Amino acid sequence: MSSSSRLTKAYQKAKVIPFDNSSKFIFFSDCHRGDNSFADDFANNRNIYYHALKHYFKTGFTYCELGDGDELWENLSFEPIFEAHKNIFMLLKEYHKAGRLHMIYGNHDMVYRKPDYVKKHLYSYFDPKEERETDLLADLIYEEALVLRHRETRQEVFLTHGHQADFMNYHGWRFNRFLVRILWKPLQVWGIADPTSPAKNHKELIKVEKRVKRWILQNKLKITVIGHTHRPRFPEPGDIPFFNDGSCVHPRSITGIEMENGEISLIKWQIATKDDGTLQIVRVLLEGPQRLQDYELD
């Protein structure tokens with residue numbers, strides 16, 4: 001099966017979410033939440049991420065995670081990840097209770113495509129204070145893709161992780177997981193890059209982007225948002241409508257894509273210094289806002 005066929009299959013099976021110009025969405029991906037060890041790339045940005053998620057929850061946004069949220073290649077199970085970042089999962093629980101949480105699996109959390117695995121590990125957790133199992137993300141379903149469809153214009157936004165355009169990280173993910181667990185995780189402390197990741201292999205990154213763009217051209221220039229490569233992308237109207245929300249493991253910052261008021265924007269959250277020397281977490285607009293209708297075919 002070609003990368004184009006894999007993307008088409010994901011699109012055809014995608015859950016459809018209606019939206020309109022009053023809807024608010026934030027897309028993050030590639031958090032790679034780990035166990036807070038030296039190999040946990042997310043640990044340095046967890047406070048930035050938590051602050052951003054609190055902001056979006058308070059302001060009525062729906063959270064869509066576009067894959068690789070949890071680092072389940074380096075870690076054998078979800079439990080140490082949950083214990084390391086429990087406050088974040090408690091906030092995700094609030095999104096879920098409010099009906100404002102949609103999760104997509106990627107190659108690093110491919111095991112979430114199995115409903116039984118999600119039910120066993122994510123539906124509940126043991127609360128030591130209550131001494132009983134307590135709901136966490138009960139009845140949550142991980143999707144391979146989502147399609148946002150505008151109620152009035154019928155314009156669609158296709159959301160997926162993007163590993164469908166990467167043969168080894170789609171079909172060969174178990175082999176890559178083995179390499180990461182056995183070989184690359186111990187070497188991370190020395191700064192040796194993992195060659196299985198397109199984010200750290202420029203040639204593979206370019207190939208993945210070209211394959212996704214080719215699929216977009218074959219599918220009536222459908223607005224498509226992915227992660228996977230960790231490289232933020234925001235096209236101008238008239239260009240191929242290929243967006244990438246970046247990642248949450250950039251050095252000292254996270255990037256994402258917002259949709260609000262019928263517009264789309266690329267944003268970054270980072271730590272900034274005030275004049276008095278104190279630190280604060282701030283949102284920075286990188287690209288946009290641009291009307292979604294500006295990407296429609298004539």
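Is Glu260 buried, partly exposed or exposed, and what is its relative accessibility? In this predicted model, Glu260 comes out at 26% relative accessibility, so it counts as partly exposed.

**View 1. Lys24 and Glu260 join up in a salt bridge.** Here the two side chains meet, with N and O 3.8 Å apart. Lys24 sits in strand S2 (residues 24-28) and Glu260 in strand S12 (residues 253-260), so this pair ties together parts that are 236 residues apart in sequence. Lys24 is partly exposed, at 26% relative accessibility.

**View 2. Glu156 pairs with Lys222.** The closest N and O atoms of this salt bridge are 3.0 Å apart. Glu156 belongs to strand S9 (residues 156-160), while Lys222 is in the loop between helix H8 (202-218) and strand S10 (223-226), so the bridge links parts 66 residues apart in sequence.

**View 3. Arg283 reaches Glu258.** Their closest N and O atoms lie 2.9 Å apart in another salt bridge. Arg283 is part of strand S14 (residues 279-291) and Glu258 is part of strand S12, so the pair connects parts 25 residues apart in sequence. Arg283 counts as partly exposed at 37% relative accessibility, whereas Glu258 counts as buried at 6%.

**View 4. Arg33, Glu65 and Asp70 form a network.** Salt bridges link these three residues. And for the whole picture: a search of the entire structure turns up 10 salt bridges.

How values were computed:
Residues are numbered from 1 along each chain as its sequence is written. This is a predicted model: local features need pLDDT of at least 70, side-chain atom pairs count only at pLDDT 80 or more; totals for chains, interfaces and linings use all residues. Side-chain values use heavy atoms; hydrogens and water are left out. A salt bridge is a side-chain nitrogen of Lys or Arg within 4 Å of a carboxyl oxygen of Asp or Glu. Helices (H or I, at least four residues) and strands (E, at least two) are DSSP runs, numbered from the N terminus. Buried means under 20% relative accessible area, exposed over 50%, partly exposed in between (1.4 Å probe, protein chains only).
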